[in-house]
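Here are my notes for you to read alongside the structure. Please keep the sequence and the 3D view open, and go through the points in order.

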Amino acid sequence: MSKLRVLWLLALALSLMVLPVSTILAKPSDDDANEIKMGQESAAEIEKEAKLIKDPALQERIDKIGKTIAAVASNVQIPATYGNSRISKFDYTFKIIDDKEVNAFCLPAGRVYVNKGLLDFVQSDHELAGVLAHEIVHASHHHMLALLNEQSKLNNKLALVLLAALLGKAPSRDLGNLVIGAQLVQIAKMSAYGQEAEADADRVAVDYLARTPYNPVGMLTFIERLSSKTELYENNLGFLQTHPSTGDRRAIIIGELKELKIPINRRQVTNAQKAIVTTRMIDGKEIIELNIEDKILMRVAEGEDGQPARDRAEEIANRINKLLDSNVQLREVKTKDGEPIVWAKEKPLLRVTEDDATLSASTPTQVAKSAADIIKDVIWRQMVDLTMSPTSTKNLKQPTPK
């Protein structure tokens, strides 16, 4: 490699790392103005290239959710573990990009962009709210300014290393390696800073959502499902590429949910199969049924202690749904010969009475066995769904025990 080539690479590397001095050295009173300007300029560049979707219904959806969360960010100060928790009254905006990649990002001063692919992927407004809250924290905790300041300090150190090597007449090959190495170091360092920002965004987003009508558990289900579907998107994993590992993110989110005493009920925020109570008229008589999707788990009669049938059915449904949210294994759900009871994790999940069985023209043990089979089928599909695409699981059946 010629010395001229090395000088060119050095100049290029340094020029790529140069940031506006006015941005880095801005006084605190100027920070908001600088962020607003940065956001405006960045948005103008993005919107030159990106195709925005102008669907009124989709726009109304993200505006309603986003502005609800932004109102919290603009009025509630939550200590930052990265960045700055100084409250700024940004004018948050939300736009949709016509891109199938499951991704979203936020520019300084609260300009949030959501890909159409992400809107297609979320299963509820709660999950979408989790994504928007995460992005809003990046703006409200001024993560971009913090990243720029860290990058500025790093660039100065790298420039000195490269310049010292050049002035010391290091061999051309070594200088070339130094340039490449400097760029790799910068990427690695900034990735670490970025992960600190992502962790802060996850943690604070849970707190923001807890102050809105949206369930923070949607954040958890979103990243869990996205991580399990990586094969569906090949390399289009924008939302995961620059974030900490899913395990780390789950730990952060679950920790904050527990800290705020928020129950982790995944079935409230997703399309996952769940037990529900319905009413059916048979021969002019109202019958209470417990269903999972289109399958009748059991028909429920009044309890032996006089408990109304609907109340009893609701209690059973709640127990089943909590079980399904607990990472239960197939082997943990079973019936025992001659017993009208479905057992789960060595505890009775439901007990079928003679009156229940009469409503189904069956016996208590038969109803219990059928109910256990239906629950195990849901567990099986749930397990498969975490590792395969929805189209792959459509016709799968639970394996028959040997």
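1. Taken as a whole, the chain has a secondary structure that comes to 16 helices and nine strands. Please bear in mind from the start that this is a predicted model, and that what follows describes the prediction.

2. The chain holds 402 residues, and buried residues make up 47% of them. The accessible surface of the chain comes to about 21000 Å², and carbon and sulfur atoms account for 53% of that area.

3. Before we turn to the sheets, a reminder: strands of a sheet pair through backbone hydrogen bonds, and the pairing is either parallel or antiparallel.

4. How many bridges pair β2 with β3? There are four, and the two strands, of which β3 covers residues 111-115, run in the antiparallel sense. As an example that you can look up, Leu 107 has Arg 111 in β3 as its bridge partner.

5. β2 and β3 also form a hairpin, with three residues between the two strands, and Ala 109 in the turn has a positive phi of about 70 degrees.

6. Another open sheet is formed by three strands in the order β4-β5-β6, and here the pairing is antiparallel. The edge strands are β4, residues 275-282, and β6, residues 295-300, each pairing on one side only. From one strand to the next, the twist averages 35 degrees.

7. Within this second sheet, β4 and β5, the latter covering residues 285-292, run antiparallel and are joined by eight bridges. In one of these strands, β5, the residue Asn 291 is the bridge partner of Ile 276. Helix α13, residues 309-324, packs on the sheet and touches β4, β5 and β6, while its direction makes about 150 degrees with that of β4.

Key
Residues numbered from 1 in each chain as written. Predicted model: local features only at pLDDT ≥ 70, side-chain atom pairs only at ≥ 80, totals over all residues. Heavy atoms only, no water. Pairing = 2+ DSSP bridges. Buried < 20%, exposed > 50% of the residue type's maximum accessible area, 1.4 Å probe, protein only. Areas by Shrake-Rupley, 256 points an atom, 1.4 Å probe, with all protein chains shown as cover. Axes fitted to C-alpha atoms, helices over the stretch in contact; angles between N-to-C directions. Contact = heavy atoms within 4.5 Å.
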